[in-house]
Amino acid sequence: MKRRAFLALSVASAAWADEPAPRVIPITARKFEFVPAELALKLGEPVVLEFATEDVHMGFDAPSLGLHADILPGRLARVPFTPSKEGSFEFACDVFCGSGHEEMGGVIIVHA
Amino acid sequence: MQGIDRRQFLKVAGLGGLVFASGLARGADSYTQAQDEFFFVQLSDTHWGFQGAPNPDAAGTLPKAIAAVNALDPQPDFIVFTGDLTHTTDDPAERRRRLTQFKELISGLRTKQIRLMPGEHDASLDSGEAYREFFGQTHYSFAHKGVHFIALDNVSDPTGRIGDEQLAWLAADLARQPKDARIVVLTHRPLFPLYPQWDWATKDGDKAIELLMPYKNVTVFYGHIHQEHHFKTAHIEHHAARSLIFPLPAAGSVPKRAPVAWDPAQPYRGLGFRQIEAERDEYKLAELPVIKA
């Protein structure tokens with residue numbers, strides 16, 4: 001590797017290493033609720049929404065934020081997200097999971 | 001069937017219902033001009049088996065709607081149910097019991113030509129297995145007096161997709177139609193993203209609309225949102241029907257997608273069914289109540 005390229009790579013790695021790891025927010029999806037159902041996030045703060053389901057295939061869909069995940073039993077679904085606008089944004093389960101499916105949702109509140 | 005006198009139809013439509021005219025592209029071709037006029041009826045979201053405060057007469061509403069349809073004179077050529085025939089249950093035996101009861105109830109309709117399709121409450125928890133045992137295929141097409149009808153299944157996949165296999169079938173089915181064919185699509189969910197925050201969408205509905213777009217005369221009738229709604233994607237019209245169990249609020253009008261409360265002073269308000277008159281160059285829609293005012 002040429003010296004200039006090596007130095008550039010080293011600087012980039014150092015910059016990456018200095019960034020704090022994004023905050024991980026665990027969220028449980030179960031019939032028929034998200035826990036927690038209200039997420040308070042700070043504008044510009046990178047987070048990872050980490051979903052797990054306690055029973056069946058669920059979905060996380062926040063169309064106004066362009067976020068979506070399939071939440072499958074036995075595995076975590078991670079959604080990296082950095083809020084770029086303030087406000088309240090609804091999300092819902094978008095995989096039909098039973099008689100309370102229609103009420104299964106929550107809200108992401110982004111504040112400055 | 002005998003031709004329907006236009007004045008007679010409007011008289012029927014005037015019995016507490018609303019009339020909505022839906023124009024078709026008027027072509028210079030002979031295809032649309034050679035067709036018979038007829039009418040059919042759309043019922044939707046009956047949710048048989050539902051129990052709860054939003055409809056204290058849940059067990060009586062569908063029978064009342066059937067009586068109202070049976071009272072139509074003349075009778076429609078056929079009747080369609082655009083999904084959510086039954087209310088969902090985790091118990092497969094209970095699901096079959098509800099489907100059995102629903103089948104028995106609709107056998108009391110005077111019009112024997114009945115076209116069914118599932119909603120997510122019927123089919124999403126078992127990929128349509130129980131539904132197919134009772135009513136056969138969940139997607140199909142048929143012709144009636146010059147109109148090509150296509151029933152699309154966007155519910156057997158619990159993620160609300162039509163799926164590539166069915167889309168390929170749709171493409172092949174459409175390929176046999178001339179571009180000026182009169183096409184009616186019957187489905188449960190909206191094919192366009194009406195309000196995805198409330199799951200009022202079909203994930204790959206845009207692919208179906210893309211396939212339909214080259215056809216000049218396409219109209220979609222659907223259910224799912226428990227209220228009348230009219231929308232256009234380019235020249236394609238989409239008409240949602242009322243429910244026969246409880247109404248839902250307009251998209252995004254309230255924080256939660258909860259049923260509109262039952263009003264004892266106005267029972268069955270917001271519930272009803274639709275009569276669709278297929279004329280040469282338009283569909284005339286009449287929204288009829290469960291109980292005449």
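# Close-up views of a predicted two-chain model

View 1. A234(B) is exposed, with 9 other C-beta atoms within 10 Å. The cut-off for exposed is 12 or fewer. This is a predicted model. A234(B) sits in the loop between β9 (229-233) and β10 of chain B. Its phi is positive, about 55°, although A234(B) is not a glycine. Most residues other than glycine have a negative phi.

**View 2. A buried loop residue, D45(B).** D45(B) also has a positive phi without being a glycine; the value is near 50°. The residue belongs to the loop between β2 (38-43) and α2 of chain B. Is D45(B) buried or exposed? D45(B) counts as buried, because 29 C-beta neighbours lie inside 10 Å. The threshold for buried is 20 or more.

View 3. In chain A, the bond between K31(A) and F32(A) is cis, with omega about -5°. F32(A) lies in the loop between β1 (23-30) and β2 (33-35) of chain A. In chain B, a cis peptide bond links D73(B) to P74(B), and omega is about 10°. P74(B) is placed in the loop between α2 and β3 (78-82) of chain B. Most peptide bonds are trans.

**View 4. Helix α3(B) and its buried side.** The 15 residues of α3(B) should span 21 Å at 1.5 Å a residue, and the end C-alpha atoms agree, being 21 Å apart. Which residues of α3(B) are buried? They are R95(B), R98(B), L99(B), F102(B) and I106(B). These residues cover an arc of only 100° around the axis, so they lie on the same side of α3(B). An α-helix has 3.6 residues a turn, so residues three or four places apart point the same way. The other side of α3(B) carries the exposed residues A93(B) and E104(B). The cover over the buried residues of α3(B) includes α2 (58-70), β4 (114-117) and α5 (129-135) of chain B.

**View 5. Q101(B), a partly exposed residue of α3(B).** Q101(B) is part of helix α3 (residues 92-106) of chain B. It counts as partly exposed because it has 15 C-beta neighbours inside 10 Å. That number falls between the limits of 12 or fewer for exposed and 20 or more for buried. In sequence, Q101(B) and W48(B) are 53 residues apart. In space, the C-alpha atoms of Q101(B) and W48(B) are 8.2 Å apart.

**View 6. Helix α7(B) and what its buried residues pack against.** Helix α7 (residues 205-212) of chain B has G205(B), A208(B) and L212(B) buried. Their arc around the axis is only 60°, which puts them on the same side of α7(B). Where do the buried residues of α7(B) pack? They pack against α6 (164-175), β7 (182-186), β8 (217-222) and β10 (236-240) of chain B.

**View 7. The pairing of α6(B) with α7(B).** The two axes come within 10 Å and cross at roughly 10°. α6(B) and α7(B) are therefore roughly parallel to each other; angles under 35 degrees count as such. From α6(B), the contact takes L167(B), L170(B), A171(B) and L174(B). From α7(B), it takes K207(B), A208(B) and L211(B). The residues of this contact divide into six nonpolar, no polar and one charged.

**View 8. The contact between chain A and chain B.** How many residues does the contact take from each chain? Chain A gives 14 residues and chain B gives 16 residues. On the side of chain A that touches chain B, β5 (58-62) and β8 (87-92) of chain A each supply at least two residues. That side of chain A divides into four nonpolar, five polar and five charged residues.

**View 9. The two chains as a whole.** Chain A has one helix and nine strands. Its elements run α-β-β-β-β-β-β-β-β-β from the N terminus on. Of the 112 residues in chain A, 28% are buried. Among contacts in chain A with a separation of 6 or more, 64% come from residues 24 or more positions apart. Chain B has seven helices and 12 strands. Of the 293 residues in chain B, 46% are buried. Among contacts in chain B between residues at least 6 apart in sequence, 74% join residues at least 24 apart.

Definitions and conventions:
Residues are numbered from 1 along each chain as its sequence is written. Chains are lettered from A and ligands numbered from 1 in the order in which they are written. This is a predicted model: local features need pLDDT of at least 70, side-chain atom pairs count only at pLDDT 80 or more; totals for chains, interfaces and linings use all residues. Helices (H or I, at least four residues) and strands (E, at least two) are DSSP runs, numbered from the N terminus. The arc is that of the directions from the helix axis to the C-beta atoms. Two residues are in contact if their C-beta atoms, placed from the backbone, lie within 7 Å. The expected span of a helix is 1.5 Å times one less than its number of residues. Axes are lines fitted to C-alpha atoms, for helices over the stretch in contact, and angles run from 0 to 180 degrees between N-to-C directions. Angles under 35 degrees count as roughly parallel, over 145 as roughly antiparallel, 65 to 115 as roughly perpendicular and the rest as oblique. Ala, Val, Leu, Ile, Met, Phe, Trp, Tyr, Cys and Pro count as nonpolar, Asp, Glu, Lys and Arg as charged, and the others, Gly among them, as polar.
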